[in-house]
Amino acid sequence: MPDGRPDLVLCDPGRTGALHDSGLSARADSAMDRFAAMVRVQLRVPVALVSLVEPDRQVFPGMQGLPEPWATARHTPLSHSFCQHVVITGEPLVLADARTVALTSDNLAIPDLGVVAYAGIPLTDTDGHVLGSLCAIDTRPRTWTGDEIATLTDLATMCATEIRLRLATRQSKRDRDRRDELATQLDRAHARNEILLSAAQALAGSRTLAQIRHEISWFVSAEHRPTYIGLVVAEPGGMLRRVPEPGRPALADAEFGVFRADAALATAKAFRERRLLCYEDPAAIDAEFPDAVGRLYRDLRLHATACAPLVGSRDVLGVLTLGWDRPHALDSAERAVITTLATYTAQALERVRQLERRISVARELQEAMLTDLPSVPGLRLAARYRPSEVDEAVGGDWYDAVPLPGAPALAVTVGDITGHDVHASTLMGQVRSMMRQTAWNLPDAGPAATVEALEAALTGLDIPASGTLLHAHLSPDGTGRWELTSTNAGHPPPILVHADGRTELLTEHDALFSHLGFRTRDRTDQRRTLEPGDLVFLYTDGLIERRGEDLDRAIDRLRTLLSRLAGQAPEAMADAALEHMVEPGGHEDDVVLLAIGT
């Protein structure tokens, strides 16, 4: 801050000149609006702004979610500005609750605009002037996560790049003596920035290595047209693995599909030395590496290559390799583009690794909590669990089977906690254990009373679990028959498959279960007598819910399938249901089913 004077920063001629030259002010700008929309979606905030701070006001060329009359005006006085502090300090400003911070507690944006939580990242020009900020705003207190600030920082970098491009364009118009030369250079710079912006957007949504490999393939149509793009990732034990490449299926099985990080290869050297390595022709490769490496590049029909390390927050995660089918010397601009692309790729790869770890831990936890089925004379039991195949959609589906004390009876439960995340899995573990203990402690109370006791415990312990479940008790009557007593808390209806192939849908049900006690009437028990050879089929909604298909039709398909299989072992019927009802590779919800045959 010059001489400790905020006004000197805001009125600095270099900064105000850059604001003027950007052409951005209190008017809607489609590119800036797009950046604001990206912030709003990716950080899930009600308000997002591209805010540029002029000497006496702040303007919003990019805006999403701002209330009226500010949305129409697209500017506010500095009395309503948080972003001025980002400009004055040149540093990010991250506030969980602006009302509690001396710097901002009296800012009129709090009562007039509803600003409570704020995160703003500086937008700078090429001379280091802070022109404004890309900011995310919440109307409630909010603790910003490291991933959210990292995402906002990435988007601010792209937004600043767009602003710098406009400033460069304006400067080129002034330099008429070099107009033709600068026009060509700026066109190239624009193309590179567009490429990098597209790459950043695409890679930000990548969830798997295959998606990363696919998204970076757009670079083959870029200005310098590499004919080969390779992705190598680090593996435990000091090994590097080449991600399978479309059109080159044999490469991953060849000598260089998996190799040591100390191997005499350009990719391994770039990995070890953490720097961009460029070889402009075959002679440059032959001069540094063994003959086998030269043969590899000739097999790939490459005459030039660039290997960029993918440097994560802690370690080198892999190497991005670009190749050309002709000799090619990279200039400084190309090197900068490749280095930036490698940075975006490393960020995406780091997110994928973190996502894979979270999903793996959550699913291992979820599967560990599923029950080994007990052996009950006179009953045959089979259960199946298949996790969702969509991103982090681990959820709260479960089954359980518990012998009841003092009698040859069995309590069974199939349930689904609301939600598709690790929190739902954690709640599922609590509810499952509480349901099991309640059934054991109240063997004579009946299923409805057992579920009500569970709800009372959830309410008393303030456990925010809700969802659907079906809880049932099975007891032999001494004649080969079994009495099925069940209560249905909003769960998909069980299917009773008779020995002769007839099916019966047990549609009686009560309200969903919850710790909040929203029920308007007591839960009820339903009773059926199971004849020898009958089978009860319980399942969660992941088995029958499909986009574009009515639930009743899906249940009818399941009934038809089970009818054809009547008389077969529960294991066979469970496997057949998964095979015919669950679409491979894309089901969006967990699937649990429990088949009980007499």
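Burial is described here by relative accessible area, where buried means under 20%, exposed means over 50% and partly exposed lies in between, computed with a 1.4 Å probe on protein chains only. The model is a predicted one, in which local features need pLDDT of at least 70 and side-chain atom pairs count only at pLDDT 80 or more, while totals for chains, interfaces and linings use all residues. Residues are numbered from 1 along each chain as its sequence is written, and side-chain values use heavy atoms, with hydrogens and water left out.

Helices (H or I, at least four residues) and strands (E, at least two) are taken as DSSP runs and numbered from the N terminus, and two strands are said to pair if DSSP finds at least two bridges between them. Strands of a sheet pair through backbone hydrogen bonds, either parallel or antiparallel. Here, six strands in the order β3-β2-β1-β6-β5-β4 make up an open sheet with antiparallel pairing. Its edges are taken by β3 (75-77) and β4 (93-95), each of which has a single partner strand, so one side of each is left without a neighbour in the sheet. On average, and with direction ignored, neighbouring strands of this sheet are turned by 25° against each other; the angles run from 0 to 180 degrees between N-to-C directions, with axes fitted as lines to C-alpha atoms, for helices over the stretch in contact.

Three bridges join β4 to β5 (residues 117-124) in an antiparallel arrangement, and Val 94 has Ala 119 of β5 as its bridge partner. Between β5 and β6 there are eight bridges, again antiparallel, with Leu 123 standing opposite Gly 132 in β6. These two strands form a hairpin with five residues between them, where Gly 128 takes a positive phi near 90°. On to β1, which is joined to β6 by six bridges and runs antiparallel to it; in this pairing Val 50 stands opposite Leu 134 in β6. Why is β6 largely enclosed by the rest of the structure? Nine of the nine residues of β6 are buried, and β6 is therefore largely enclosed. Helix α7 (residues 146-174) lies across β1 (47-53), β4, β5 and β6 (130-138), and runs at about 35° to β5, contact being defined as heavy atoms within 4.5 Å.

The charged side chains come next. A salt bridge is counted when a side-chain nitrogen of Lys or Arg is within 4 Å of a carboxyl oxygen of Asp or Glu, and the structure holds 22 of them. One of these joins Arg 142 to Asp 138, at 3.1 Å from N to O, and both of these residues are buried. Another joins Arg 384 to Asp 575 at 2.7 Å, N to O. Because Arg 384 lies in strand β13 (residues 380-386) and Asp 575 in helix α17 (residues 570-581), this pair ties together parts that are 191 residues apart in sequence. Both partners are partly exposed, Arg 384 at a relative accessible area of 22% and Asp 575 at 39%.

A further salt bridge is formed by Glu 455 and Arg 523, whose closest N and O atoms are 2.8 Å apart. The pair links distant parts of the chain, 68 residues apart, with Glu 455 in helix α15 (residues 447-461) and Arg 523 in the loop between β20 (513-514) and β21 (526-530). Glu 455 is buried at 5% relative accessible area, and Arg 523 is buried at 6%.

Arg 523 is also among the residues touched by Thr 487, as are Val 451, Leu 469 and Thr 524. Thr 487 is found in strand β17 (residues 482-489) and is buried, with a relative accessible area of 1%. A polar atom of its side chain lies 2.8 Å from the backbone oxygen of Thr 524.

Finally, the cysteines. With a disulfide defined as a pair of cysteine sulfur atoms within 2.5 Å, the structure holds zero disulfides. For Cys 307, the closest cysteine sulfur belongs to Cys 278 and is 8.3 Å away, too far for a bond. Cys 307 is buried, with a relative accessible area of 0%, and Cys 159 likewise counts as buried at 0% relative accessibility.

Technical notes. Polar contact = N/O pair within 3.5 Å; in protein donor to acceptor, adjacent residues only side chain to side chain. Lists of a residue's contacts leave out its neighbours within four places in sequence.
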